[in-house]
Amino acid sequence: MQQNLDKEDIVFFRDNGYLIKRKILNPKLMAQARDRLWDGAPAQLDRRNPSTWVGPFLESSEDKMNAQNNYRWNYREPGSEQFMVNLLPKNPSIWGMAEQLLGEGTLVEPDRIRGIYCTLPYGNVEKKASTGCHVDAHPFHLGVVGYIDDVLPEGGSFMVWPGSHRTFYYDFHSQYKNEPTEQYEVHRREFSRLPGVDCHGQAGDIIFWHHRIGHTASHNYSSNIRQAILYDFTKNDLPETMEEPPNENMWRDWVGITDD
Ligand SMILES: [Fe+2]
């Protein structure tokens, strides 16, 4: 059944810069994506033997389409396959909710998603402090992260710093490009001293996030591989609006959001 955002969801997203929606992804397509992930696994990892999933990678891979380094595995190759596009941005609920926020008929049609981004379990190690937050550099409007397998608390979730989008939006010379002002680094350090919100969830859950929210991929102290898929929604008019300075009304380009 198709899901929509209600008024509360939209206000939560506006004020916090992110929003979790549960049980959205199609289970069959998720299973297909998990199978596809293992096609790209190095010999070190055995799907049937979870003890082999603990990182780090013994050998790193520089191949951008299947990058493996330390505990991170960014498998971008399947991102261009149609079923992956159908799994995330073209999921009818996700597409509809993105249009609710940004405006019906305004979104660029996706030809790929970023890929499957994994974090290997850290194993039995002492817990480290969070690495702190960052803002993504490339121009887009609305990010969506989907989990294709369960992500327990402290299991490598997408971690966000609620409300930071309202500060970081004004810390760039332009609305969407990567031209930080000097304030960006100052604010980044300030937010990073605060705890982020661990957006853990189950297979099928998604997180919408504002393009200027502070976030990070958190540490994975679970025994499962954190498996997330990512897509960045952009509007058709991005080339025209991208270089404009930040607007007094930061929601000007968001048809579904009013700032009151
Ligand atoms: Fe990021």
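These legends walk through close-up views of a predicted model.

**View 1. The seven-stranded sheet, strand by strand.**
Start with the open sheet of 7 strands, which runs in the order β1-β8-β5-β10-β4-β3-β2 with antiparallel pairing. Which strands stand at the edges? They are β1 (18-21) and β2 (66-69), and each has a single partner strand, so one side of each is left without a neighbour in the sheet. From one strand to the next, the twist averages 20 degrees. As a reminder, strands of a sheet pair through backbone hydrogen bonds, either parallel or antiparallel.

**View 2. Strand β10 and its two partners.**
Zoom in on β10 (residues 226-233), which pairs with β4 (residues 115-119) in the antiparallel sense over 5 bridges. Two residue pairs are handy for finding your way: cysteine 118 has glutamine 227 of β10 as its bridge partner, and isoleucine 116 stands opposite isoleucine 229 in β10. β10 also pairs with β5 in the antiparallel sense, this time over 6 bridges. Here, look for valine 145, whose bridge partner in β10 is leucine 230. Is β10 largely enclosed or exposed? Of its 8 residues, 7 are buried, so β10 is largely enclosed by the rest of the structure.

**View 3. The buried face of α4.**
Stay with α4 and pick out Ile94, Met97, Ala98, Leu101 and Leu102, which are buried. Seen down the axis of α4, the buried residues fall within an arc of 120 degrees, so they line one face of the helix. What do they pack against? The buried residues of α4 meet α1, β5, β8 and β10. Just after α4 comes glycine 103, with a positive phi of about 120 degrees.

**View 4. Inside the largest nonpolar core.**
The largest nonpolar core has 50 residues, and which of them touch the most other members? Those are Val144, Phe208 and Ile229. Centre the view on phenylalanine 208 and look for Phe13, Tyr18, Leu19, Leu142 and Val144, the residues it touches once those up to four places away in sequence are left out.

**View 5. The three-stranded sheet.**
Now for the other sheet: 3 strands, open, in the order β7-β6-β9, with antiparallel pairing. β7 (197-199) and β9 (215-217) stand at the edges with a single partner strand each, so one side of each is left without a neighbour in the sheet. Ignoring direction, neighbouring strands of this sheet are turned by 25 degrees against each other on average. Strand β6 (residues 158-160) and β7 pair in the antiparallel sense over 3 bridges, and valine 160 stands opposite valine 197 in β7.

**View 6. The two sides of helix α6.**
In α6 (residues 182-192), the buried residues are Tyr184, Arg188 and Phe191. They cover an arc of only 70 degrees around the axis, which puts them on the same side of α6. The buried residues of α6 pack against α5 (164-168). Turn to the other side of α6 and you'll find Glu182, Glu185, Val186 and Arg189, which are exposed.

Technical notes
Residues numbered from 1 in each chain as written. Predicted model: local features only at pLDDT ≥ 70, side-chain atom pairs only at ≥ 80, totals over all residues. Pairing = 2+ DSSP bridges. Helix = DSSP H or I, 4+ residues; strand = E, 2+ residues; numbered from the N terminus. Axes fitted to C-alpha atoms, helices over the stretch in contact; angles between N-to-C directions. Core = buried A, V, L, I, M, F, W, Y, C linked by C-beta atoms within 7 Å. Buried ≥ 20, exposed ≤ 12 C-beta atoms within 10 Å, placed from the backbone. Contact = placed C-beta atoms within 7 Å. Arc of directions from axis to C-beta.
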